[in-house]
Amino acid sequence: MTPIYVQAPALPVTSVTVILPRTGACLDPMERQGLMRLMLRLQFMGAGGKSNMVFNSALERLGATLSHTLTSDYIALRLVTLTENLEAALSLFQEAIHTPNFDAKEFDRLKAESISSWIAEREENKQLRVQETYLHRIYNESPHGFLPDGTLEGLRRVTLDEVRAHYPTMFGWAEPIVAVLSDLPEPTVVGLLTEHLSLPQGQLQHPRHPWDRFAPVLRPGRHLTIIDDPGTQTDEVLMGAFSVDESDPDWHVHRLISLIFGGDMNSRLFRVLRGERGLSYGASCWYESTHGRSPRNRISPFSLYTFPSAEHTAEALPLMVQLYEELVAEGVREDELTLSKQALINSYPFLLDAPHKLLSLRCDTALYGIEPDDEQTHRAKISSVDPVKIRNVLQRTHHPDTMTMVLLGDAKRLEAVAAGLPGITSQEVISGGLPHLS
Amino acid sequence: MELVQELSLLNTYPLRHFRWPNGFQAILVHNPIAPVAAYLSHYTVGSALEHDDQRGLAHFFEHMMFRETARLRDGDFDRIISELGGVGLNAFTTYDTTAYHVNVPVWGLERLIEMEADRMVNLRLSPDLIEKERGAVLGEMHMYADMPSEQHWNALMAAAFPAHPYRHPIIGYPEQVAAFDDESFRRFYTEHYAPNRALVVVAGGYDEAALLATLDRCYGPLPRGHERPASRPPDAPPAASRTLEVFHDKITSDYLSMATRTPGLHHPDQAALNLLSSLLCNGQSSPLHRAIVLEGIGTGVYTTVMDAEYMLSSPGLFLIDVTLQHGVPAETAVEAVDVELRTLLRDGIAGGDLERAMNQFRLGTYASMRTNMSLARQVGGYMVAGEDPLFIERMLSAVQQVTREQLAAALETYLVAAPRLTVIQRPQQPERPS
């Protein structure tokens, strides 16, 4: 076994991460969104014939934890442990990967808990509700446009038999990647991994992943969805369109665009909406791939977001659209570009200022084949960008007339606000009330 | 300046603590992994020092610190930080402190320090900029108002500290925030922003001689300001347990907090309380997780010893929070928690549970020190609240010395016998037709 290894000598802690590329929540059947998340959680609730309590008691006494990361296109299973107990913790990790119990009682409890948590998270966090509606709409209701925690309907439908049947689908898509952060020397870690952790190998069984079939649907016009949630003091505004993927040769130009328009406190969106007008506490933009909501090597939506106080939405919404239209039509000013170039060039060391960041970069390369630039190349690429290049890239890859827009707030008021927006070609109002569980 | 102490954090990071004649203090934590540094400025003023007509002013003032000074126009501060390649520029206000933080490449430290020292004494507070920032602050208030957890938290603090400033929301009240004028800000600035009210923590790969020279040049000459007013004495501990219900129209399940008073950061029982928190709730095999989550009563249960991490220097709270399963009333969780606590007290604490609690506490402590900024926050937070830059390390050591008997005594004193405040947030009941 040859793991990706980064030494972290400062603290007596080791993490071992098993990454399964080309898997992820996108493998959930359309009617069972949330299945993979449930399965991964259940996987750590008893293994090797040990009950949940026996298994986790043994693990936790070692000063160890198991967790997972689930995105649309990969799974990462992670052990973090006090290094002095690495050997024993690895044995338990191995059991959880290979022989999870998938116990019926634990499943019933976990399913009820997951449904309850799914609702509570959305009651607390309106942005989550806007985000998932936005993804559903922009991905045209395809399997690519779901958050990994699934849908309420999907969670309700999942059965234990389906979880058990889904488990093998984690493997066979690509060779697993093992990533280690440890205070131990590399040969010691490799020796322990070789002895205590084996992973499914052999012939790959699944040549085509759902993301291989992905082609963005660009629906001309502006498509508006209003989530009706009366009585809230702030509205949510999220809009965008497909733009580019991170393997694009001009990706560094896109990073500059994102920074200039909505990346920090100097950006146009933040400066105008908050600094100059006081309309919202925040305003920003991003490429969804940089937030882990779409694979880095697939074309990703470019999204604009703000959450104005309800009385300011009538001013903030059209202003945000206008600022975006101006950006794409006119490009950026020399002074904005100079500042952002300095920011990106000078912040380079922060990619590498902690061992876990180094590890993360190397895992990203293994997952997506996108090599990070060294500092000189990074500097040269960023320095070479001029306003003409920015405008060309903007006009080629940004489409303010073809946008998916999602608003959350009082529908009657928001419909009146939206009536003033030009170019709306379709409009719908959906209920914002969260479903009851009765 | 004088070197106050020279230490080593976790036998890994050299740490030096300096003090200037004007009262300014700096702690330097050397971590040469990369040519970058985290810079954290703590001021010893939070919402608890506000007067009755100033509720929310400490937080609003924090926003104004990013605006204009005699030397920098509005927007220059943010712009220069970007030019330097700074990342993570932000600030936060707590009950007892206000902190400003950013990461910069080490070659940018000199410029950053010049700007930080400048805004400590040269801030310009024009009515025009106050008005612009007011919109953002009110927007932030509206954002929090939409979050059920915020309403619950405010109700909890108001009930837990009925006669102490902790009862007021840090962000204040809309009617007061709408009325602060430039004079309010000037008075607050004079009262609370000065070198003797500041502690700077720098963690990273700096050159110490150059860094000290810049700190000395920029902060050294600044005039000493007002001393920190004495904190209000804490409320007397409640004489009896009580339960408070609050309602929210955007939730469908109950949320429960059970709070008991703890003696604060410096009390000898603090280590036992931290270990008790880890014992009760850290891990799927922990007693409260078993009793609440595995029994299908709640979707999560959490314990928190509220101390310096939250800047509550004294007194503190021990919190047990439960998110209820849909349809399960909070009272079911209260009963389950009580049964579990009494069973632990009666049957004793098993060796395996003690081992789990200690090892999970160690793991959590190490996890809180992974970056320069997290190192700076741990050192700075405990220095401000506990006057000990190695507090976190000493706590780690103290926790490992706690005996089963001390743990049981803490359980009885603070969780079983102590009067308890129970706050239950419930879904808004539909109005009955009159």
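## Two helices in chain B

In H9(B), the residues B:Asn274, B:Leu275, B:Ser278 and B:Leu279 meet B:Asp353, B:Ala357, B:Met358, B:Gln360 and B:Phe361 of H12(B) (contact means C-beta atoms, placed from the backbone, within 7 Å). By type, that contact splits into five nonpolar, three polar and one charged (Ala, Val, Leu, Ile, Met, Phe, Trp, Tyr, Cys and Pro are nonpolar; Asp, Glu, Lys and Arg are charged; the others, Gly among them, are polar).

H9 covers residues 270-281 and H12 residues 351-367 of chain B, and they pack at about 110° with axes 8 Å apart. That makes H9(B) roughly perpendicular to H12(B) (under 35 degrees is roughly parallel, over 145 roughly antiparallel, 65 to 115 roughly perpendicular, the rest oblique). Axes are lines fitted to C-alpha atoms, for helices over the stretch in contact, with angles from 0 to 180 degrees between N-to-C directions.

## About the model

This is a predicted model: local features need pLDDT of at least 70, side-chain atom pairs need 80 or more, and totals for chains, interfaces and linings use all residues. Residues are numbered from 1 along each chain as its sequence is written, while chains are lettered from A and ligands numbered from 1 in the order written. Helices (H or I, at least four residues) and strands (E, at least two) are DSSP runs, numbered from the N terminus.

## The sheet in chain B

Five strands of chain B make an open, mixed sheet ordered E10-E14-E11-E13-E12 (pairing takes at least two DSSP bridges). E10(B) runs parallel to E14(B), joined by seven bridges; B:Thr243 has B:Thr422 as its bridge partner there.

## The sheet in chain A

Chain A has an open, mixed sheet of five strands, ordered E1-E5-E2-E4-E3. E2(A) and E4(A) pair antiparallel over nine bridges, and A:Ile19 has its bridge partner, A:Ala76, in E4(A).
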